Amino acid sequence: MKTAVLIVAGGEGKRFGSPLPKQFVKLSGKEIFIRSVELFFYSPFVDRVVLILHPAWIEKGIALLKSYGLNGVKVVPGGKSRQQSVFNGLNTLRLFNPQRVMIHDAARPLFNAKQIEEILKLVEPKKGVVIAEKVTDTIYQVEETHLSRTLDRTKLWKAQTPQCFFFQEILEAHKLALKDHFEEATDDATLYAKYVGEVFLLSPLSLNLKITTQNDLQIAELYLKELGR
């Protein structure tokens with residue numbers, strides 16, 4: 001079965017506090033989005049990689065991909081929201097028509113590529129697979145800044161990426177969401193569970209940090225240093 005990967009890097013990274021979008025910031029000497037692309041580009045289990053970038057940064061992104069020898073990666077413009085960006089990427093894949101698609105945030109460059117095979121073995125029709133992590137902290141529900149109630153953390157997981165689905169199913173979920181004017185989903189499993197089928201949660205093999213702040217970048221730098229990367 002053919003497998004495609006969408007790397008979502010269409011945001012502007014305003015919370016990161018940099019003149020560059022965070023995905024273009026270097027992590028241990030290499031741009032964050034390049035590290036994420038390489039995880040899948042060099043995997044023997046992946047047949048096609050599509051990178052979704054903010055329209056203003058496409059030219060720069062293509063130049064960087066070429067400089068790293070990643071010439072087979074297709075670049076498409078993102079939309080106004082993450083959901084719209086992913087839908088753009090899915091539509092780009094229609095001609096390639098993969099059986100499976102993995103959707104990954106470029107801001108998670110530490111994902112362990114050794115887990116790709118495991119994810120692909122688990123995904124089935126009507127069953128998506130999502131990398132997620134059990135919550136270990138106590139979680140409050142609040143009203144403004146006041147504690148409203150304490151949630152049962154044994155039933156809470158933190159969603160991560162990649163998220164993997166059968167291609168036609170997640171494409172249909174996005175179409176139905178747009179039809180329902182549901183346009184602000186922050187991940188794809190939310191749409192899949194609402195419109196298609198069940199979602200299986202799989203813990204990451206190792207640290208799968210999302211780089212959102214400068215502090216996250218420092219943690220990632222230290223982690224890669226320990227790994228000798």
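Reply: The side chains of Gln168 and Asn97 are joined by a polar contact of 3.1 Å. A polar contact here is a pair of N or O atoms within 3.5 Å; within protein, one must be able to donate a hydrogen and the other to accept it, and residues adjacent in sequence count only if both atoms are side-chain atoms. Please keep in mind that this is a predicted model, in which local features need pLDDT of at least 70 and side-chain atom pairs count only at pLDDT 80 or more, while totals for chains, interfaces and linings use all residues. Residues are numbered from 1 along each chain as its sequence is written, and side-chain values use heavy atoms, with hydrogens and water left out.

Let's take the two partners in turn. Gln168 lies in helix H5, which spans residues 167-179; helices (H or I, at least four residues) and strands (E, at least two) are DSSP runs, numbered from the N terminus. With a relative accessible area of 46%, Gln168 is partly exposed. On this scale buried means under 20% relative accessible area, exposed over 50%, and partly exposed in between (1.4 Å probe, protein chains only). Asn97 is also partly exposed, at 35%, and its place is in the loop between H3 and S6.

The backbone of Asn97 deserves a look too. Its phi is positive, about 50°, although Asn97 is not a glycine. Most residues other than glycine have a negative phi, and most peptide bonds are trans. Lys126, in the loop between H4 and S7, has a positive phi as well, near 70°. For a peptide bond, look at the step from Thr161 to Pro162: it is cis, with omega near 10°. Pro162 belongs to strand S10.

One further distance for Gln168: its C-alpha lies 9.7 Å from that of Pro125, a residue 43 places away in sequence.

His104 is buried at 0% relative accessibility, and Asp105 is buried at 11%. Contact means heavy atoms within 4.5 Å. With sequence neighbours within four places left aside, Asp105 is in contact with Val8, Ser36, Arg82, Thr161 and Lys210.

Phe40 lies in helix H1 (residues 32-41) and Phe111 in the loop between strand S6 (100-105) and helix H4 (116-122), so the pair ties together parts that are 71 residues apart in sequence. Phe40 is buried at 0%, as is Phe111 at 2%. Helix H1 is mostly covered, with 9 of its 10 residues buried; among them are Ser36, Leu39 and Phe40.

The buried residues of H6 (residues 188-195) are Asp188, Ala189, Leu191 and Tyr192. They cover an arc of only 160° around the axis, which puts them on the same side of H6; the arc is that of the directions from the helix axis to the C-beta atoms. What covers them includes H3, S6, strand S7 (127-134), strand S10 (157-166), helix H5 (167-179) and strand S11 (198-202). That brings us back to H5, the helix that holds Gln168, where we began.
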